[in-house]
Amino acid sequence: MSEITKQSLTELVENIKNKKLSSTDVTKAFIDRSEKSEELNAYITNDFTSALEKAKKFDQKPNLDSKLPGIPMAVKDLFCTKDIKTTAGSKILNNFVPTYESTVTENIWNEGAILLGKLNCDEFAMGSSNETSFFGNVQSPIDRNLVPGGSSGGSASAVAGQLTPITIGTDTGGSIRQPASFTGIVGLKPTYGSCSRYGIVAFASSLDQAGPMAQNVKDCALLHEVISSYDPKDSTSIDFKRNHYSKELTNNIKGKKIGIPKEYRVDGMPKEIEDLWQKGIQYVKDCGAETIDISLPNTSYALPTYYIVAPAEASSNLARYDGVKYGFRAKGENLIDMYEKTRSEGFGAEVQRRIMIGTYVLSSGYYDAYYLKAQKVRKLIKNDFDEAYKKVDAILTPSTPSSAFKIGEKTNDPVSMYLNDIFTVPVNLAGLPGISIPAGHDSKGYPLGLQIIGKAFDEQNILNIAYAMEEKINFKNKITDWWIK
Amino acid sequence: MSKKDSEYLINRKDNQYEVVIGLEVHAQVLSESKLFSTSATKFGAEPNTQVSLVDAAFPGMLPVINEFCVKQAIKTGIGLNAKINKRSVFDRKNYFYADLPQGYQISQFKDPIVGEGKVILDMPNGQKEVGIERLHLEQDAGKSIHDLDPQNTFVDLNRSGVALMEIVSKPDLRSPDEVNAYIKKLRSIMRYLGTCDGNMQEGSLRADVNVSVRPKGSKEFGTRCEIKNVNSIKFMQMAIEYEANRQVDLIEEGKTIDQETRLFDTKKNETRSMRSKEDAHDYRYFPDPDLLPLEVSEKFIEELKNDIPELPDDKKKRLIEEFKLSPYEANILVSDIDTAKFFEEVVAKMGKNKDIKLAVNWITGELFAVLNSKGLEISQSPVSAKNFAILINLIKNGTISGKIAKTVFELMIDGDKDPQKIVEEKGLKQQSDPKALEALIDKIINDNREKAIEYKQGKEKLFGFFVGQAMKASGGKANPQLINEILKKKL
């Protein structure tokens, strides 16, 4: 048997079910490695002591019929976890301990998993490099001083660095797929309405979706099966028939039609990305699928649309962090002064920037020109996909226009940072599922990802395509353990 | 100020001004739980005991619409003869305040659940139609308490998230009296529907009052001022009166009226500027992405329509037709649902041979007087409709006189006693035996022979004297009609 932390979720589940490993063995192994990995700064809060207790308890009376029997896992610190500090990567929630559990994490614990701790992320999930976190940037296990991507940077780093066998992130504009791509792992952004938003600190309500991040497609399918559920506590949750994603997973994609959108060939995109895409096209053909050139004509408007809609919703969603009820409060002369000081000191620069953009685009006199127009464009982008899906079953694109960049490289250039999300953002605007799978390395040896975009509620199909491609690609992540002394 | 034909005008030298008023009434939806959460809505609970994580806007908490509140709003819309919108949208109204935990109020801005409608007012000089612009659902805010501590403000979130209906009238009202009638009519309709208890003391019904003035005969509207959050009809009337005169004075002085939001100071009886149009909040309304548009089917609306009870206007019409009541009487009976209920129960209990007019007179006379003096609502009446009906029947069938009935009624009040029993126990039954009364009257005429002669000689006033003597001799129990007849015959 290989080293515990190198095993996939599927292997771990099997070994625990076969009693070759106990939950305690597994939990201990991931805690040990996590403790040796402080330099990655992947955790904001650890819950190791009680994780071990839970593992021991599990082993005394193991329920081996559950889907994640005694599996330890850390989760993004955007999910509210009962009695465990939940910060959203922000100073303003630095002291916040929820009395409730998010539906997605509740689903996970109900299937026997054990919480290891809370993973670092960009503040309120606003960022593409995990550099906006109040708790410091996260290091990528790929290389020193390399960003893991964002906003689920801690999650990506923890899975790629084998600090947790699997994890969950949230994806508003690419926050699962981009860091997955940067760190050589698999990340799925489900259809909007597939996973409940209840108990997830909100960024942009009409775009936010939780999703699984894993070492491979099968693990990803299994975790998605656990977290996707209809939830009456979330009015935007959708009651549709969910698949047994892991059981129904197949690498037979013969005859599937895969669209290749010409608009994703953007100016200044490195040749490495183009080459990767071409390789991807070849892989799907090798799997017996057919590729078809398609057009998504409004793609170039997706990013500006996103940077109106998301900040608008965020500016309102974050109004509740005012120092009155919970979280950080600065002293003030009066109510207004207290608000101003609390929010100036409690929010970081990127969050403040987006609150201001959002406030601006919703202001009277600007609403029609920005927010309303953005909503109309959003509809056009959705229509593009609807049109394309008359001809194809899924769409293949690069996940990102470049590989991971160095920490600090883009912090002073927000627009260049935002451009990172150019291939992922349209998927959120259209509410579609998208998965990023590792597909190769650039000249520096950094991972590159390909994205498969599906029809709404068609997660099974894109998981199958990813599964088939994964076999062909046979990607090996180059983890050197550079951070372990 | 002059009141000619109940027209309300403000006079200055040679000029007459008409007052134009529109109301935004905030009516608390009668519902066990809040608009988007399951917390209770009971009035007067200990502070912060009816607050859920959603109401206090904890991170990751999401609103889920309360179907019952939607039904209540639609029913109210039906009661206001209004268009029900099958698709409506909840928006966020963004502003910061300590008692607004979310930092926004969920309301309906562009697409309200109820569109245009109308209500009919019964004014002394006839009926008046007031247009309804819209009705929308929204959340109430919490309560800031500033007077418990010299340094700090306390916040009670019990009210946070409670469902309100904002009912916006067209600028159709022209006087404080019409405002009075309008509010009472709205309250009456909602109480019939059971959609709002209309309790102004508890804040279940309050209004923002928009006032403008214009020269009599002018078709154009003047600049309006909005007086925020007035919580009694009396204060609304006082505020309008003050505000209208203030605006007229400005015009007379050649000054302009600024569009602004004002507050009514109930102690000083004046309105004061709160904020000007320039300082008006930019609420940055946008559709709440946590909620899908609210869609209701034709069937859903039809089912609610079937659920609507007889409303005051219809009831009034029926009472006039069925019982030949005057519009005035009918109005008094129907305006409050509990009065109507009491009346109809009395009617039912009176049985076949009933005297509706008598019952109405007694309800609006004796019963109202007692309720007034004791400060009770008719729902708390010390006399039940059943015993009240028996009393009316006792008068009707001649068992007791109206005068005795008053005595009986007073005795009934204490413990809702059966009037029949009181009459028997106290021996108050009317003497209607003609032979006994004849004997009694013979004796009186005999004892007052001189007066009888004077009467016969033309001093007709003395008839009353004999009636009085006869009543006195019978201990007030003699049937006055019989006394009259016998006296006329004997004298």
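Start by selecting residues 368-388 of chain A: this is helix α12, whose 21 residues reach 29 Å from first C-alpha to last, close to the 30 Å expected at 1.5 Å a residue. That expected span is 1.5 Å times one less than the number of residues. Helices (H or I, at least four residues) and strands (E, at least two) are DSSP runs, numbered from the N terminus.

Before going on, some housekeeping. Everything here is a predicted model, in which local features need pLDDT of at least 70 and side-chain atom pairs count only at pLDDT 80 or more, while totals for chains, interfaces and linings use all residues. Residues are numbered from 1 along each chain as its sequence is written, and chains are lettered from A and ligands numbered from 1 in the order in which they are written. The model scores ipTM 0.97 and pTM 0.92.

Stay on α12(A) and colour A:Tyr370, A:Tyr371, A:Ala374, A:Arg378, A:Ile381, A:Asp384 and A:Phe385: they are buried (20 or more other C-beta atoms within 10 Å of a residue's own, with C-beta atoms placed from the backbone). What covers them?

Next, pick A:Gly149, in the loop between β3 (114-119) and α5 (153-160) of chain A. This glycine counts as buried because 36 other C-beta atoms lie within 10 Å. Leaving out residues up to four places away in sequence, A:Gly149 touches several residues, among them A:Ser128, A:Gln178, A:Phe182 and A:Ala404; contact here takes C-beta atoms, placed from the backbone, within 7 Å.

Now go to strand β5 (186-189) of chain A. Both faces are covered, with A:Val186 and A:Leu188 buried on one side and A:Gly187 and A:Lys189 on the other. Strand β6 (209-214) runs antiparallel to β5(A), joined by 2 bridges; A:Val186 has A:Ala214 as its bridge partner there. Strand β10 (434-441) is antiparallel to β5(A) too, with 3 bridges, and A:Gly187 stands opposite A:Ser436. Strands pair if DSSP finds at least two bridges between them.

Last stop, chain B. Colour domain 1 (2-305), domain 2 (310-425) and domain 3 (434-490), with bounds from an automatic or database domain assignment. The centres of domains 1 and 3 of chain B, taken over C-alpha atoms, are 65 Å apart. Finally, select the interface: 24 residues of chain B are in contact with 33 of chain A.

Notes. Two residues are in contact if their C-beta atoms, placed from the backbone, lie within 7 Å. A residue is buried if 20 or more other C-beta atoms lie within 10 Å of its own, exposed if 12 or fewer, and partly exposed in between; C-beta atoms are placed from the backbone.
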